[in-house]
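Here are my notes for someone opening this entry for the opening look. Keep the viewer beside you and go through the points in order.

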Amino acid sequence: MNYYIKNATLVNEGQAFVANVFVSDGKISKIVAEGEPFDCGSATVIDATGKYLIPGIIDEHVHFREPGLTHKADLYTESRAAVAGGVTSFMDMPNTLPKTTTQELLEQKLALAAEKSLANYSFYLGATNDNLAEVVKTDPHRVCGVKLFMGSSTGNMLVDKNEVLVRLFRESPCLIAAHCEDEQTIHQNTVRCKDLAAKGEVIADASIHPFVRTMEACYKSSSKAVDMAEKFGARLHVMHISTKKELSLFRKDIPLVDKKITAETCPHYLWFADHDYETKSFAIKCNPAIKASWDREALRQALREGLIDTIGTDHAPHLLEEKMTDDYFTSKSGFPSIQHSLQVMLECGVELPLLVQLMCHNPATLYRIDRRGFIREGYYADLAIIDMDHPVVISNATELSKCGWTPYDGMTVRAQVTHTFVNGNLVYEKGNFHEEFRGERLFFS
Ligand SMILES: [Zn+2]
């Protein structure tokens, strides 16, 4: 099926201009200037007058929970939520059951995705204290990266042996995506909070989360990762930056293609701040913790300055009953977000050209993804059409993630994704899915 997207305002590579786009054989075949005659043959015409056409979002950080945790989420349900949010490619994390710590398990995940995913996909290999032999076998042209938990999070893949860290930073054949929170600091804070809660001196509600998973825990771990990457010349991407202090570790004076040490943040660190624990409670408990409003303001500023390179969602579904326990210490960290990431980013005051840079172009450049992330002739037709003036209230009732709820419930957003193309296939159209299509594996140059 071929498509001719007419009169859209293309937002691409820092420019916004009205044009028509001819999609054939899965690719962007021709960008036709406004008013220029063009014979699109029997292509299906989509009138996008007044709407915006962007490259499909590339979400470099998701937890789709398959295999093993599919009561929360799976590759089919979450990829469906993804395309409804304008996301056409995702990179999934290894803390599933079993953990993705061998090349064989990685290939098994890829096979599952080929069967079930509506969006394009890649999977990280998880690093552990004892799988270095598997890490060095990773083919950087076929796998997005290695995930390193420098400090524990969900799934306990903590790498804490220094000699292993040294070898990993020295020998990893591909990008190291790091979760940085210092385990020892968190442990000490947890013990102290439990003690104070037992004495009745502290109420262990959601608001203590940034006092357990503190700014110091983040900085201690991320500064160590940056030091090691500098020392051993590794390609390091520090995931989900949540504090102002960590911004000092990154640089804005190097073009992204040449940067070896880069940073990601997530929509929830840009939208929520510590006062939101009062109303949202454990719904917004995540790791690292959502911190103070001055951290949020600094992160927003860092996007504009180029200190932070990409936005990933850290989409991490849990059932609401796994979160809304009456006990801080057992409530799960993480929540779904992929369906609404574009809408939330716009509400954070990020204009569409910057959003496209952070969520489409930069992930493609940073991971060196083959022919995606830009509206260019010859590239894969991964595209989303956005109606910027169609206010809607986000609600649990319309959440597509399998867990069936969203921390953004009740939030009014002004934009809507109306169409999503994956490899030239119209997989999402105004609330309806064309589910006969499957995404493809991502490749890297
Ligand atoms: Zn994550």
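**Notes on the model**

1. Start with Ile-203, which sits in the loop between helix H5 (183–198) and helix H6 (209–212). This is a predicted model, by the way. With a relative accessible area of 69%, Ile-203 is exposed, since exposed here means over 50%. If you go from Ile-203 to Arg-251, you move 48 residues along the chain, and the two C-alpha atoms are 39 Å apart.

2. Now zoom out. The chain holds 13 helices and 20 strands. Its radius of gyration is 21 Å, close to the 22 Å that the globule rule gives for 445 residues, so the chain is as compact as a globular protein of that length. Along the principal axes, the C-alpha trace spans about 75 × 45 × 40 Å.

3. How much of the chain is buried? Of its 445 residues, 61% count as buried. As for contacts between residues at least 6 apart in sequence, 75% of them join residues at least 24 apart.

4. Next, the zinc ion. Its protein donors are His-61 (NE2), His-63 (NE2) and Asp-314 (OD), at 2.1 to 2.2 Å from the ion. Along the chain these donors follow the spacing H-x1-H-x250-D. His-63 belongs to the loop between strand S6 (57–62) and helix H1 (75–84), while Asp-314 belongs to the loop between strand S14 (310–311) and helix H11 (320–323), so this pair ties together parts that are 251 residues apart in sequence. Are His-63 and Asp-314 buried or exposed? Both of them are buried.

5. Have a look at Ser-333 too, in the loop between H11 and helix H12 (341–347). Ser-333 has 13% relative accessibility, and because buried means under 20%, it counts as buried. Its side chain makes a polar contact of 3.1 Å with the side chain of Asn-287.

6. Helix H10 (residues 293–305) is worth a stop. Its 13 residues reach 19 Å from the first C-alpha to the last, close to the 18 Å expected at 1.5 Å a residue. Among the buried residues of H10 are Asp-295, Arg-296, Leu-299 and Leu-303. What do the buried residues of H10 pack against? They pack against strand S13 (261–265), helix H8 (267–271), S14, H12 and H13. Just after H10 comes Gly-306, with a positive phi of about 85 degrees.

7. That brings us to helix H13 (residues 352–366). At 1.5 Å a residue, its 15 residues should span 21 Å, and the end C-alpha atoms are 20 Å apart, which agrees. Where does H13 bend? At Leu-358, by about 35 degrees.

8. Stay with H13 for its surroundings. Of its 15 residues, 12 are buried, so H13 is largely enclosed by the rest of the structure. The buried set includes Leu-352, Leu-358, Cys-360, His-361, Pro-363 and Leu-366. After H13 comes Arg-368, whose phi is positive, near 55 degrees.

Definitions and conventions: Residues numbered from 1 in each chain as written. Predicted model: local features only at pLDDT ≥ 70, side-chain atom pairs only at ≥ 80, totals over all residues. Heavy atoms only, no water. Donors = N, O, S within 2.8 Å, 3.2 Å for Na, K, Ca; no water. Helix = DSSP H or I, 4+ residues; strand = E, 2+ residues; numbered from the N terminus. Buried < 20%, exposed > 50% of the residue type's maximum accessible area, 1.4 Å probe, protein only. Polar contact = N/O pair within 3.5 Å; in protein donor to acceptor, adjacent residues only side chain to side chain. Expected span 1.5 Å × (residues − 1). Bend = angle between axes of the 7 residues up to and from the residue. Rg over C-alpha atoms; globule rule 2.2 N^0.38 Å. Contact = heavy atoms within 4.5 Å.
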